[in-house]
Amino acid sequence: MQWVMLSAAIICGILSNVQGDCPHARPGLKLWSDTATWTGTNNPANGGNVFVTEPIIVDVASVSVHTVTIQNGGMLTFSPEVDIDFRAANIYIYNKGAMEIGSEDCPYQGQITITLTGNRQDHQGETHPKAILVDAGGTLEVHGEPRLPWTKITETLNPLSDTTAGIMYDHAVSQYVTENDWVNGVVAYTFTLDGSNNPTVKQFGAYELKWHNPQLVEHINNVADGDILMMASQREIRRNEGDAQLTGAYDAIETLIYGEVTGDGILRSVQQDGSTWAFVYQKGNPDSYQEVTNPMGTTSVVRYVMSEAMIFSAWSIGGTKTWQQQDHFRISNRDGIQPKLRMVDDVTTWGPGDKIVIASTDYNPEQVEEREVVMCTDCANNEIRINDFVDYVHFGEVLYGAVDMRAEVALLSRRQVIKGEMEDECPDFNENCDENFVYGLDTFGAHIKILRNYANVHLENFELFNAGQQTDSGRYPIHFHMCFDKAPAAAVPYIRGVSIHDTFARCITIHGSHGVEIIDNACYKHMGHGYFLEDGGELNTVFDGNLAIQTLKAPGGLEPIDARIPAAFWITSPQTKVVNNVAAGGYGAGIWFVYPDEPFPPTRDFNVMEELEARRTKLNDFYNNVAHSNHIFGIMMGNRLKDDRTTTCCNKWQPLEDPKDPLSTPLEINLKKITSFKNRMHNIWIEGGYLNVQDVSEGQQFERAGRVSNVIVIGDSVNKGVPDEGIDRSLPFPWEPDRVHSGIVMWKGPTFFENMWLTGFQSNDVYDTAAIAKKRRSPYFSSVNTPFKNVQFGFDDGEGEGTIAISGTPGVDPGWEESIDGEQIAGFTWYQETENGEELLYIVKPDHFSAAADDCVIRPNWRMAICQTKYGNVRFLGSFSNTHIVVVRDDLPSAQLDFAMKATTGPQVVMDGSRTYTAHFTGEGSSWIRVIAEGIEIGDKLRVGVCIPPGADFEIQSFFPVRLTQKRFFVEVSSLAELDADDDNDGKKFYYDSASSMIYFKFIGVTNRAWNESATCGGNDCPEFRIVIKSGDLNDMDCRNRLYTAEQLSMSKPALPEYTKTIPADSLTPPEGYGAGLTRPFTNREVVDGGYSDWSKWSTCSKTCDEGIQYRTRACNNPLPANGGAECEGDSMESQPCTLEPCAIDGGFSQWVEWSSCTQYDTNYCAGIAERTRECSEPTAQFGGAYCEGSTREVKPCTTC
């Protein structure tokens, strides 16, 4: 209890003296407690509705009313001198009404809890139920005491089993750890202290009460004075029931503690249902006794603090199954039971009793953990102690100085609280109890709602929980609703430093409202999207420095995507500033940018943005954002929102200089400092036009055009997480252990990758892994001209070593999915610096079709080919429904690729004119076909033949490099030799072979393409040849048997040469300036040096008599240091001895003296008596202590004869 008494005083010590406009100190305030303040039925004593129309201060500890309406110049404020519990069903503020809890320059210093009461049935018929509602003309100011909302750890936090610091004895590494570990019952240790005061095991045993009761009794009875007995349940306690129950162990424990059987010991009450139980006691020391029991699944822990250097701890660790529940015992100093956390920031505003939450740094968001801050007398300003060890590893390192994987820690507790009153479980009248993702909860919580034409709203530094309503739409924890712009005279609205947790429908919603600043908030354990822009027409919202932890799925009635991929940050408008935010663990996405074609109703009705304007609008700012430990995506910039609020592919985002003019100049999309790790599906997925993505840490996937630079990608890092079966680390998909791992995942493109360093792609026996791969399970085209320039690798590449790039054969290589068109065309262009200057290597699939160039060599560990001959792609488009295109390598007809044409696609092809490719169609063909030569440049040639129906009437067209709209404008030649001949008609010639029904066209390159150009051809102009079939049988467009002989179609494929030499690592460390670097402190904000508050009052003395210790504290919050600013100098805690009256000393007997000689008391007989005495002197009773109980003299008969 010592810590409890100290914490109350020390928390108060966080407060600092304040100046400025303090609402509670304004003149003319009427007292809530004064009966003269109220008239008639407008009286809070009645518990009904209350109207506030003048300035009133709440100065009483407890208020319970129904609806409080503040209007017509009324103002409600609260006295910081009283701990206030204010209960109301609703609080409505409008028409020059105001509720003010502190102010910006006078933070509220008292303790206040506002509880919004009632359930959904109680509030039937209300438009804004269970709400603090700010309507037109209303003001809401909530300014709690400044406290650090969240930070990051700077050292990895390990679970109990992995901790050795300060430990004198640990059961987990003892000889007894496996002894009878199958027993359902009680495990017991007796320790004795040797001559050096070191604990040694005197006795150990595991006892099932049903069978081993006598042995446990004997163990307990063997405990001598000064011995320490520790016991805990293992699995579950089993015993006989009713009259057959053996009570010997219960009796022995009670006798050990109290000297007699009391019949009310805790062990007697432990149910045979998996309940956990723990016990510790030093015989002869009543103050050492600790015993506790908890329901199954909840850990029971007890501790006896003999000294700060020797603490005896016993655990019964809860589990979801009884066989998972194990005991643990440890003797350690304070570090061995209440670990320290070292943080990035000053945490002197966090005190004993505060609740914190520590984010997962693994793939599993369930590894988030809540703990309580405990007293720490030896902590630095950036350290705290927590009440117990964590169950999981929480990583705390910045890898290579550039990849920040440090776990976030958020402060949940505040002394200023707004919350909802909740039912114990989901009541039937909520009408959603049977829906998925309700979790059995009452989801009708409190909410704060701000409506149009409010006067002022500023919310900061308070705690909000049990908020939001999943039962009904439009009722979110904090909600700006259709406010549009603020009133000209109003200050910029903000939500800052608020702890929002355990919510039922988001954390913060901005709906049809502009210019709201959302800064440094912590959002934890929220159902559905967390930070939420609702309609896509919200302008100039600022998200800066916010944290979201554990985004939960929700039923989907409020937003369909809530049930599938809820996002911590759901950004539907590009006119948003998104900087310094973290999405740390959830069951969907971290930060998701997804725009509708035009804002949803009702915002659409106000013409905020035109149709398609969002996709043509530049993002206000994106800098230093982090996402990790999410089930699907980390950072997601992709998809579009349909009118039914579901998503579809793809975002088509290309900002323009004038977003309202579709012909305006395209702008670059600048995204900087992205950190993403341990997200199951994709760390980063970005679609868009002219992307310029810089300073990226960890893995990513990019689509379409753009540039990615200054990147660090780590595959398997030292952040191993909780190992899965058969491997020393966690897997993103433990149920699919052979799923392929890759760093850069290419899709469509070309995307331009430069200045990159990749490491951690060591081969293993469980799954394929490589630094570079194409997106799998995708039918889409992928450009072989995607360039990688100045790319370095931090590992050796070779068989049994690391792997730079990889592909696989569906159905052959484990982890590679069923055959999909996109699996057939993986590849990229690798720029190499050599003695002869820059050389290009083309990485293509290793089959005989793709690896067609004479200089191709197979890299076996990549399952890809490396070629020096120029490569590009030929892409086919048409009206294909159930059609396959089979593309044949003309010089080796047995080398074919079959495309199902679920999307526009086509193979990798040699661009030097040395190969011809023919296309054939199975199933019903298309009446029009477009053939595009992608990646072709000046000097390149590509001949392609296309099969059409025999005898078909057809038309052909070309739009580049020569515009020819009809066949009559082309030059028809009579042979392939004429077609291949170089002359002035190149680009105009075609050859039709009526015997085989093949049309041939030779593509030529007329432009060069810069390596980082956004299109696959220079100037975004790729040569294209079009065929329109005007008549003919579309089911007869497979010319293979007409064009090739059976022998040609079955030609043997020669073995391709291999390249197996090890490719050495470029550098074991990344170049300076690569990666996102430290993500906290925030370097894009003004630096603020910290300042101390005044000292608190001295705490209660640690003892009630004699000499103890008392403490006082001060917080570094005047101001809080921020953004790398200096911490406060000097100690944040002081101690001093406190001398009280001496403790009462109970008397104690000395030893009996020797018996006296026998004294004859009758001379006629031999009978006599002997006597002995003792004194009440060891010690003498003092200071009101009890005198010894018992006799000071004893006699016995004796004989003198």
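Where in α2 is the kink centred, and about how many degrees is it? The points below start there.

1. **Basis.** This is a predicted model; local features need pLDDT of at least 70, side-chain atom pairs count only at pLDDT 80 or more, and totals for chains, interfaces and linings use all residues. Residues are numbered from 1 along each chain as its sequence is written, and side-chain values use heavy atoms, with hydrogens and water left out. Helices (H or I, at least four residues) and strands (E, at least two) are DSSP runs, numbered from the N terminus.

2. **The kink in α2.** The kink is centred on glutamine 215 and comes to about 35 degrees. The bend at a residue is the angle between two fitted axes, one for the seven residues ending there and one for the seven starting there. Helix α2 covers residues 209–221 and spans only 16 Å between its end C-alpha atoms. A straight helix of 13 residues would span 18 Å. That expected span is 1.5 Å times one less than the number of residues.

3. Leu209, Asn213, Leu216, Val217, His219 and Ile220 are buried in α2. Buried means under 20% relative accessible area, exposed over 50%, and partly exposed in between (1.4 Å probe, protein chains only). Contact means heavy atoms within 4.5 Å.

4. **A six-stranded open sheet.** The order is β11-β27-β22-β23-β24-β21, with antiparallel pairing. β11 (150–152) and β21 (340–342) are the edge strands, each with a single partner, so one side of each has no neighbour in the sheet. Two strands pair if DSSP finds at least two bridges between them. Within this sheet, β22 (residues 355–358) and β23 (residues 369–374) pair over four bridges. Isoleucine 358 stands opposite glutamate 369 in β23.

5. **Asparagine 630.** This residue lies in strand β45 (residues 621–630). Its relative accessibility is 0%, so asparagine 630 counts as buried. Leaving aside residues up to four places away in sequence, asparagine 630 touches several residues, including Gly585, Gly586, Lys678 and Arg680.

6. **Strand β60.** In β60 (residues 864–867), Met864 and Ile866 point one way, Ala865 and Cys867 the other, and all are buried. Three bridges join β60 to antiparallel β58 (residues 837–844). Here tyrosine 842 has cysteine 867 as its bridge partner. Three bridges also join β60 to antiparallel β59 (residues 857–859), where isoleucine 858 is partnered by alanine 865. β59 and β60 form a hairpin with four residues between them. In the turn, arginine 863 has a positive phi of about 55 degrees.
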